[in-house]
Amino acid sequence: MSRFLSKQFKQLTMYEAGEQLGDRYLKLNANESPYPPSPLIKEVISSSHINQLKRYGDISYQALHEALANQVNLAVENVVLGAGADDVLDLIFRTYFQPGDTLLLPNITYPFYETYANSYGYQVAEMLVDDQLQIELSPYIESDEPCVIVNPNAPSGHFHPVSEIERVVQSNPDRLVIVDEAYIDFGGESVAPLVKKYDNLIVVQTFSKSRNLAGARIGYALAAPSLTEDLKKVRGTINPFYLSELQVLTALASLSDDAYFKQSTSQIMTTRDHFSHQLQAAGFYVLPSLTNFVLVKPRHISANDLYEGLKAQHILVRYYTKPVINDYVRISIGLDHDMTRLFDMMLTLDQENHTSVLASMDRKLA
Ligand SMILES: *Cc1c(COP(=O)(O)O)cnc(C)c1O
């Protein structure tokens, strides 16, 4: 640390992303898609576009705002773009929060929020999930603090129907409700249409998960025009050219290929449901999921040993040391044949552990 570092950043803990250990590993730890992005992207990015990179693009990003508004059935004025959902969330927090403000969050959710709140000096009021990792929304209704609802939640997968979230939004029109829908395209129902009715709701979505574009960094918020106006104003003072023309072309091409989008998301849902049933039938505990991952508790082996055992076999899944979820591993959904290999491996590790525990009990008894 240098002596110049701003006081507010002295106590920071960095966000820990899923490990990146190279291509020799089957990577099922960051909720990335196993499928390539739409093949149309390669067609639209031509050498003339590369030449265009010498110019600044359209500062209003009009074409992409229109295409997105079209996609989600809202007006152009309801859309705010960003370089990934994290960037959009950063913009939202900078626009509406100050150090000392309190943010309502579930104790088990996307870890970005806590890291972010710590760096900017926001207080976090944690809502405790129950033993099924479900989030009870009534404390949100009773509180007047701004809140974040990740829906479906990560890493639990828990999904709230639109009507439940609407009750939170309705309960206090002067409190901001941020709904993070990073996983909404895997079987959930979006609350985005509600932004026409409520001006205290911001919905955040991303191209990273369901459009197979984590590396492209494209995300967006949907909200009432009064809110998007604030957000654009703040953006304009910080970094007005926040998306490269390559990101814009990529996003446009992806949006124009609806058939591919539907096909790859539905394939992931099919694989997920099959994998979950297989695990359940083998005695693993699997939380219901409307996302591209599942949270799984093994039967005989600890979650940490399962994570280590899989890693030794070059399969990466996510293990969290945080209590409540340290009994589970989070597994992103990959290709069918990879999930079959993983399932066999999980079964073997779980069974081996069971056998060795029984053997040591036998020795003690003898
Ligand atoms: C992946 C993820 C994000 C971030 O998405 P990017 O667009 O890649 O920045 C935000 N929220 C949740 C819940 C996520 O899982």
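Analyst: Loop backbone and its surroundings

Asn31 sits in the loop that runs between strand S1 (26-27) and helix H1 (40-44), where helices (H or I, at least four residues) and strands (E, at least two) are DSSP runs numbered from the N terminus. The model is predicted, so local features need a pLDDT of at least 70 and side-chain atom pairs count only at pLDDT 80 or more, while totals for chains, interfaces and linings use all residues. Residues are numbered from 1 along each chain as its sequence is written, and side-chain values use heavy atoms, with hydrogens and water left out.

Most residues other than glycine have a negative phi, and most peptide bonds are trans. Against that background, Asn31, which is not a glycine, has a positive phi of about 55°, and with a relative accessibility of 1% it counts as buried (under 20% relative accessible area, with exposed meaning over 50% and partly exposed in between, for a 1.4 Å probe and protein chains only). Leu133, in the loop between S4 and helix H6 (138-142), likewise has a positive phi, of about 60°, although it is not a glycine; Leu133 also counts as buried, at 1% relative accessibility.

The loop between S5 and H7 holds Pro152, Pro155 and His160. A cis peptide bond with omega of about -5° joins Asn151 to Pro152, and another, with omega of about 0°, joins Ala154 to Pro155. His160 is buried, at 0% relative accessible area; its C-alpha atom lies 34 Å from that of Tyr25, a residue 135 positions away along the chain.

A nonpolar core is a set of buried Ala, Val, Leu, Ile, Met, Phe, Trp, Tyr and Cys residues joined through side-chain atoms within 4.5 Å. The largest such core has 49 residues, of which Leu81, Tyr140, Val177, Val191, Leu201, Phe207 and Leu222 touch the most other members. Among the elements that each supply at least two residues of this core are strand S5 (147-150), helix H7 (162-171), strand S2 (79-82) and strand S8 (219-223). The core takes at least three residues from each of domain 1 (7-32 + 259-363) and domain 2 (39-257), bounds that come from an automatic or database domain assignment. Tyr220, in strand S8, is buried at 6% relative accessible area, and its C-alpha atom is 4.3 Å from that of Leu81 despite a sequence separation of 139 residues.

Points are joined across faces, edges and corners, and a volume is the space filled by probe spheres set on the points. The largest pocket has a volume of about 670 Å³. Its lining comprises 29 residues, and Glu16, Pro111, Arg318, Tyr320 and Thr321 are the closest to the pocket centre. Strand S3 (102-106), helix H5 (112-120), strand S4 (123-127) and strand S12 (318-319) are the elements that give two or more residues to this lining, with H5 giving the most, three. By class the pocket lining has 15 nonpolar, eight polar and six charged residues, where Ala, Val, Leu, Ile, Met, Phe, Trp, Tyr, Cys and Pro count as nonpolar, Asp, Glu, Lys and Arg as charged, and the others, Gly among them, as polar.

One cavity of 30 Å³ or more is counted, and the largest cavity holds about 40 Å³ of space. Its lining has two nonpolar, five polar and two charged residues, and helix H10 (residues 258-281) provides the largest share, three residues. Domain 1 (7-32 + 259-363) and domain 2 (39-257) both give residues to this lining, so the largest cavity lies between them.

Definitions and conventions:
1 Å grid on protein atoms, 1.4 Å probe; cavity = no way out; pocket = protein on both sides within 12 Å on 5 of 7 lines; lining within 4 Å.
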